[in-house]
Each structure stands twice: as structure tokens, then as C-alpha cells.
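Please keep the sequence and the 3D view open beside them.

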Amino acid sequence: MNFIKSKMSELLIVIMLSSIFISIMMLYNLPAEGITLSIAIVIFLGIIYFGYSSIIYKRECSVYEENERLIDDIQILRNEKIAYQSEVESYFLMWVHQMKTPITASKLLLESPDEETNSRMRHEILQIDNYTNLALSYLKLMNEKTDMVIMETSIDDLITPLIKRYSIQFIHNNTKLNYERVHHLVLTDAKWASVMIEQILNNALKYARGRQIWIIYDEKNEVLLIKDDGIGINASDLPKIFDKGFSGYNGRLNEKSSGIGLYIVKTIARRINVQISVESVLNEGTTFHMKFPNLTNM
């Protein structure tokens with residue numbers, strides 16, 4: 001229909017010229033066979049012309065539609081790039097502010113050394129290292145093409161290095177750790193599973209200072225639990241704790257909370273097929289449940 005509309009003026013011109021041509025032939029009493037032949041030639045040439053025009057029109061429409069699709073795709077990519085840039089800038093602005101606290105504390109400790117300086121310095125350096133690793137993990141996870149290497153890994157191989165790494169924090173915060181070595185095997189990406197567990201452990205250390213943390217593997221249900229008897233989480237905050245940027249009531253109490261740690265936990269869990277859930281009671285504590293895939297699930 002659009003093609004006919006676009007060619008309407010040309011069709012009218014052809015009809016008009018054909019009518020004039022036929023009228024002249026009839027005016028001079030030319031043989032009917034000549035008039036018929038002329039009409040047939042005009043119709044034949046018209047069919048060829050409009051058939052060819054139709055093919056060209058369809059190609060032009062196809063090119064136009066493809067061009068429009070590409071324009072839409074480019075706009076989507078541009079919007080995604082703007083959103084990505086804004087998100088990265090926002091996060092790293094917050095990250096820089098987070099880094100200022102341990103750096104400033106380290107400077108002050110070096111200016112006024114005492115017997116506890118070394119211990120406190122190690123604590124602040126660990127904080128800087130934590131924030132740096134968190135930023136790197138965040139950037140890598142934003143790339144959906146980040147490789148995951150799934151293989152059999154011992155639960156203890158995931159937990160023990162973290163306990164050693166955070167031993168300074170346990171001592172500094174006067175927090176007691178309860179853990180019995182577990183050699184059960186699970187299928188996971190050891191590096192990313194370690195990052196996930198580290199964020200949960202770091203969260204427990206943050207909100208259970210001076211209390212206790214338990215790391216337990218429930219062999220019956222094949223679930224890894226990280227439990228604390230800290231300040232707990234508001235019931236209204238629980239459904240949103242894995243949302244990006246959400247820090248909730250506890251986060252507002254702690255100025256260093258970025259709302260990124262548990263978002264990273266949920267993202268990693270989705271990538272390595274770990275079922276993760278949390279239960280908490282305010283002022284009583286919090287328990288994170290992580291169910292890893294294993295050989296029996298495959």
C-alpha cells in the first residue's frame with residue numbers, strides 16, 4: 001500500500017500520457033490492431049517499470065528498517081555505557097572516601113607509636129586491602145564474561161585461608177571464632193567462592209564485635225553456615241540486604257558500609273550456582289546459609 005501511494009503521481013502521469021497517445025491515434029483513424037499493440041506495449045513497459053520499482057522499494061525499506069534497528073541498538077549501547085560509567089564513578093567516589101579512614105588512622109598511628117601500634121597498623125592495612133579487593137571484585141563481576149572455573153574444592157580450603165587472613169581482626173575486635181575443620185568436597189570456583197565467603201565473614205566481624213562467630217558445615221543438608229550473635233538485622237531490611245547500594249539500618253550505624261559487599265555475594269552465588277539465604281533476629285544475631293552444588297547434584 002505504501003508503495004502504491006509513493007508511485008501514485010507516476011502512475012497518473014503514465015495514464016495521462018497513455019490516454020493522450022491513444023486519443024491521437026484514434027483521432028487519425030489508425031488501425032485498431034496498431035492501437036491495441038500500442039496499448040499492450042505501454043502496459044508491458046508499465047509492468048516492467050513498476051515491478052522493478054517495487055523491488056527497489058522493498059530493498060530501500062529493508063535498508064531503512066535495518067538502519068533504524070542499528071540506530072536503536074547504538075542508543076541502547078550508549079545508554080548502557082552512560083549507566084556503567086555513572087555506576088563506576090559513583091562507586092569509586094564512595095570507595096575513595098572509605099579508603100581515607102584507614103589511611104588517616106595509619107598516619108596518626110605512625111605519628112604516635114606505642115605498644116599497640118603494630119597490631120592496630122596491621123588492622124588498618126587489612127582494611128585498606130579489603131576495600132581494594134572489594135573494588136577489584138566489583139569491577140570483574142560487572143563483566144558478564146568473567147571466567148568461572150568450576151572444580152572440586154574442599155570446604156576447609158576455602159575457610160582456613162580466610163581465618164588466617166582475618167585473625168588480626170578477630171583479635172582486634174575481641175571476637176571469638178568457632179570452627180571445626182571440614183574436608184567435605186563441593187563443586188565451585190574456589191577463587192570466587194572465597195570472595196563470597198570473605199564478604200559474609202567480614203560482615204559478621206563488623207556487626208558482632210566482642211561476641212562470637214560460628215562457621216559450621218551441616219553435612220546432613222549439605223549447607224555451609226556462617227552465624228554470629230551480633231546486633232542482627234531489622235526484619236524490614238532482610239528482603240533488601242542483597243540489593244546494590246542498600247545498607248539498611250545497620251549500615252547507617254556504620255559509616256563505612258557501602259551496600260556493595262552483599263550485592264557481590266548474591267552476584268557470585270548466582271554465577272557459581274550457590275543457593276544463599278539469610279535469617280536474622282534483631283539483637284540476637286544473623287545466620288547465612290550457602291548450599292553449594294556437589295557431585296550428587298550433578
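1. A salt bridge is a side-chain nitrogen of Lys or Arg within 4 Å of a carboxyl oxygen of Asp or Glu. Helices (H or I, at least four residues) and strands (E, at least two) are DSSP runs, numbered from the N terminus. Glu 198 is buried at a relative accessible area of 9%, whereas Arg 165, at 25%, counts as partly exposed; here buried means under 20% relative accessible area, exposed over 50%, and partly exposed in between (1.4 Å probe, protein chains only).

2. Some care is needed about the origin of the values: this is a predicted model, in which local features need pLDDT of at least 70 and side-chain atom pairs count only at pLDDT 80 or more, while totals for chains, interfaces and linings use all residues. Residues are numbered from 1 along each chain as its sequence is written, and side-chain values use heavy atoms, with hydrogens and water left out.

3. For the overall picture, the chain has nine helices and seven strands, and buried residues make up 38% of its 298 residues. Among contacts (heavy atoms within 4.5 Å) between residues at least 6 apart in sequence, 72% join residues at least 24 apart. The accessible surface of the chain comes to about 18,600 Å², and 60% of that surface belongs to carbon and sulfur atoms; such areas come from the Shrake-Rupley method with a 1.4 Å probe, and for residues only the protein chains shown count as cover.

4. Which residues are linked in a network of salt bridges? They are Glu 66, Arg 69 and Asp 73, in a structure that holds five salt bridges. Between Asp 73 and Arg 69, the closest N and O atoms are 2.8 Å apart. Because Asp 73 and Arg 69 are four residues apart in helix α3 (residues 32–111), about one helical turn separates them. Asp 73 is partly exposed at 31% relative accessibility, and Arg 69 is also partly exposed, at 40%.

5. Helix α3 also holds Phe 44, which counts as exposed at 51% relative accessibility. Together with Ile 41, Leu 45 and Ile 48, Phe 44 makes a nonpolar surface patch of about 400 Å². Patches are made of residues with over 30% relative accessible area and no salt bridge, where like charges are joined within 9 Å and nonpolar side chains (Val, Leu, Ile, Met, Phe, Trp, Tyr) within 5 Å.

6. Returning to helix α7, 14 of its 18 residues are buried, so α7 is largely enclosed by the rest of the structure. The expected span of a helix is 1.5 Å times one less than its number of residues; for α7 this gives 26 Å, and its end C-alpha atoms are 26 Å apart, which agrees. Asp 189 caps the N-terminal end of α7, with a side-chain oxygen 3.1 Å from the backbone nitrogen of Lys 191. This is a polar contact, a pair of N or O atoms within 3.5 Å; within protein, one must be able to donate a hydrogen and the other to accept it, and residues adjacent in sequence count only if both atoms are side-chain atoms.

7. At the start of α5, a side-chain oxygen of Ser 154 comes within 3.2 Å of the backbone nitrogen of Asp 156. The buried residues of α5 include Asp 156, Leu 158 and Leu 162.

8. Where does Glu 222 lie? Glu 222 is in the loop between β4 and β5, and it is buried, with a relative accessible area of 18%. Lys 291 forms a salt bridge with Glu 222, the closest N and O atoms being 3.9 Å apart. That pair also links distant parts of the chain, with Lys 291 in strand β7 (residues 285–291), 69 residues from Glu 222.

9. Most residues other than glycine have a negative phi. Glu 222, although not a glycine, has a positive phi of about 55°. Asn 283, likewise not a glycine, has a positive phi of about 70°; Asn 283 is found in the loop between β6 (275–281) and β7 and is exposed, at 58% relative accessible area.
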